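The following exercises concern a single protein model. Please inspect the sequence and the structure before reading each solution.

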Amino acid sequence: MRSEARPQLSGLERFASAGKGRGLRARRRFAVGELLLSCPAYVAVLTVSERGSHCDGCFARKEGLSKCGRCKQAFYCNVECQKEDWPMHKLECASMCTFGQNWQPSETVRLTARILAKQKTHPERTQSEKLLAVKEFESHLDKLDNEKRELIQNDIAALHHFYSKHLDYPDNAALVVLFAQVNCNGFTIEDEELSHLGSAIFPDVALMNHSCCPNVIVTYKGTLAEVRAVREIEPGEEIFSSYIDLLYPTEDRNDRLRDSYFFSCDCRECTTKEKDKEKLEVCKLNDPPSAETVKDMIKYARNVIEEFRRAKHYKYILCLTLTPLVELLEICELSLEKMGAVFEDSNVYMLHMMYQAMGVCLYVQDWEGALCYGQKIIRPYSKHYPSYSLNVASMWLKLGRLYMALKNRTAGVKALKRAIAIMEVAHGKDHPYISEIKKELEDH
């Protein structure tokens with residue numbers, strides 16, 4: 001298959017991938033843990049809840065950050081970070097002063113505003129677009145249903161409402177395309193425990209196609225995306241990352257892919273479905289549940305997961321009070337009790353609700369409750385996820401920190417070392433997160 005006449009990065013090239021459109025492939029061999037690609041963010045926005053603990057410019061996690069003197073809501077490492085971020089922050093600064101607590105555009109709206117500003121100030125190709133330009137992003141406009149189009153129109157209205165200055169707006173049709181492109185090509189930046197830090201656009205990283213059997217993993221160093229091999233990659237092999245959480249069975253994964261990215265996956269995992277039986281394991285009883293009972297419980301599990309997501313959004317995110325958190329924990333416990341009559345603890349729907357319950361326990365500082373859930377989760381996670389999984393690493397990390405907090409140093413050291421072993425491959429041995437964890441080990 002012939003390559004397109006495009007710029008190349010060392011050891012990589014853009015090419016026409018059969019049945020997938022554009023893609024990225026290797027021109028040489030890459031070893032496990034080797035860095036394939038680094039891509040600075042074209043634009044990025046720090047999530048509002050992390051302001052004050054992370055720099056709005058570089059996303060560094062530090063104490064004693066300095067406030068923006070105008071809005072008092074953006075924080076920076078130093079004057080250099082503030083000056084570098086000003087062309088983007090000025091889009092929001094005056095508006096934040098004007099609206100005060102009512103300033104609440106979504107991260108998608110904030111990201112899109114920055115793209116518009118960037119395209120005006122940097123019409124030429126940037127360092128983030130060596131292989132793929134933002135303007136080349138796929139929008140899948142013809143596949144949008146009425147609900148998705150309505151959501152985009154709401155985002156466009158918010159863009160006009162909150163960004164009256166410093167922006168030149170294209171017409172509505174062009175904005176629809178841009179928002180659709182952002183929805184399909186945006187990235188979520190997360191920390192070492194997979195907590196949400198912000199959103200960003202990484203054009204060259206967006207060139208990679210999806211597989212549920214990925215050969216690379218994407219991690220973040222501030223606002224820099226790094227792509228590393230999680231298995232050996234041979235010359236001519238296509239580079240695949242995963243767009244979604246790989247915990248779930250084939251049908252669930254493809255539902256998510258169709259809804260968010262408008263395609264179904266045909267990788268080996270999706271074709272063979274060889275992990276689905278383990279992921280959907282049912283109780284080993286003398287009188288095992290019927291196929292119909294299992295089918296009904298899977299339907300219930302999917303519904304309760306969606307119900308929990310909605311409840312979490314409205315009660316947990318918008319109203320962080322003890323009562324809603326107790327209600328969320330009750331949803332988890334009741335669903336676990338009902339599903340537990342049919343599913344083993346290693347079933348992915350059980351694991352999902354255990355993970356949510358663990359998150360609530362962590363928030364209310366119930367360390368023993370969180371540890372109890374984490375101990376049940378970690379072994380099935382290690383079985384269901386690929387060898388070098390950020391989800392498994394973050395769970396070992398959480399467990400290690402919980403053991404340390406509960407004065408079980410032996411178990412804490414073991415868990416933290418397991419997290420480090422995965423992270424040294426996924427993040428690279430010199431990543432600041434790994435240095436921080438090693439310092440935790442020294443301090444204990």
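**Exercise 1.** How many residues line the second largest pocket, and which of them lie nearest its centre?

*Solution.* The model is predicted: local features need pLDDT of at least 70, side-chain atom pairs count only at pLDDT 80 or more, and totals for chains, interfaces and linings use all residues. Residues are numbered from 1 along each chain as its sequence is written, and side-chain values use heavy atoms, with hydrogens and water left out.

Step 1. A pocket is an open set of points on a 1 Å grid over the protein atoms alone, where a 1.4 Å probe fits, with protein on both sides within 12 Å along at least five of seven lines; lining residues have an atom within 4 Å of a point.

Step 2. The lining comprises 22 residues, and Ala-41, Tyr-42, Glu-84, Met-88 and Lys-118 lie nearest the centre. Two or more residues each come from β4 (43-46), α1 (79-99) and α2 (107-121), where helices (H or I, at least four residues) and strands (E, at least two) are DSSP runs numbered from the N terminus.

Step 3. The largest contribution, five residues, is that of α1.

**Exercise 2.** Determine how Arg-309 is placed.

*Solution.* Step 1. Helix α9 (residues 291-317) contains Arg-309.

Step 2. Because its relative accessibility is 46%, Arg-309 counts as partly exposed, that is, between buried (under 20% relative accessible area) and exposed (over 50%), with a 1.4 Å probe and protein chains only.

Step 3. Gln-356 is 47 residues apart from Arg-309 along the chain, and their C-alpha atoms are separated by 9.6 Å.
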